[in-house]
Amino acid sequence: LRRSNWVVPTFEDLLVEKECRIRKRICQVFNKREEDFVTLKDYNDYLEEVEDLVFNLLHDVDVQKTNARLEAYR
């Protein structure tokens, strides 16, 4: 048998891979939907908090504090 030149696809940008891992981890904890909130503003505030967590972990900003926020929400 002859092996093909098939390779396992990977992201060329390691930052994208890191972001995917972070989002997967956060989504396991922050998994509410719009219908779980009384107002659209509450839902948007929730989404903003999620994005703040992703940004902080992705760019190594206040990592310890961010992880503490994630665990406190859990």
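At what angle do the axes of helix H1 and H2 cross, and within what distance do they come? I begin the notebook with this question and first record the conventions.

**Entry 1: conventions.** I note that this is a predicted model, in which local features need pLDDT of at least 70, side-chain atom pairs count only at pLDDT 80 or more, and totals for chains, interfaces and linings use all residues. Residues are numbered from 1 along each chain as its sequence is written, and side-chain values use heavy atoms, with hydrogens and water left out.

**Entry 2: the chain.** I looked up the elements and found three helices and zero strands in the protein chain. Helices (H or I, at least four residues) and strands (E, at least two) are DSSP runs, numbered from the N terminus. The order from the N terminus is α-α-α. Of the 74 residues in the protein chain, 20% are buried; buried means under 20% relative accessible area, exposed over 50%, and partly exposed in between, with a 1.4 Å probe and protein chains only. I also recorded that, among contacts with a separation of 6 or more, 49% join residues 24 or more positions apart. Contact means heavy atoms within 4.5 Å.

**Entry 3: H1 and H2.** I return to the opening question. The axes of H1 (residues 14–27) and H2 come within 10 Å and cross at roughly 135 degrees. Axes are lines fitted to C-alpha atoms, for helices over the stretch in contact, and angles run from 0 to 180 degrees between N-to-C directions. The angle therefore makes H1 oblique to H2; angles under 35 degrees count as roughly parallel, over 145 as roughly antiparallel, 65 to 115 as roughly perpendicular and the rest as oblique. H1 passes H2 in a right-handed crossing. A crossing is left-handed if the near helix is turned anticlockwise from the far one by less than a right angle, and right-handed if clockwise.

I listed the residues that meet: Leu-15, Lys-18, Glu-19, Ile-22, Arg-23, Arg-25 and Ile-26 in H1, and Val-50, Glu-51, Leu-53, Val-54, Leu-57 and Leu-58 in H2. The residues of this contact of H1 with H2 divide into eight nonpolar, no polar and five charged. Ala, Val, Leu, Ile, Met, Phe, Trp, Tyr, Cys and Pro count as nonpolar, Asp, Glu, Lys and Arg as charged, and the others, Gly among them, as polar.

**Entry 4: Val-50.** Leaving aside neighbours within four places in sequence, Val-50 is in contact with Ile-26 and Phe-30. The C-alpha atoms of Val-50 and Phe-30 are separated by 7.2 Å, although the two are 20 residues apart along the chain.

**Entry 5: H2 and H3.** I next examined H2 and helix H3 (residues 63–73), which pack at an angle of about 140 degrees with their axes 9 Å apart. That angle makes H2 oblique to H3. H2 passes H3 in a left-handed crossing. The contact includes Asn-56 of H2 and Thr-66 of H3, and its residues divide into six nonpolar, three polar and three charged.

**Entry 6: Asn-56 and Thr-66.** Which side chain does Asn-56 join by a polar contact? I found that of Thr-66, at 3.2 Å. A polar contact is a pair of N or O atoms within 3.5 Å; within protein, one must be able to donate a hydrogen and the other to accept it, and residues adjacent in sequence count only if both atoms are side-chain atoms. Asn-56 is buried, with a relative accessible area of 13%, and Thr-66 is buried at 1%.
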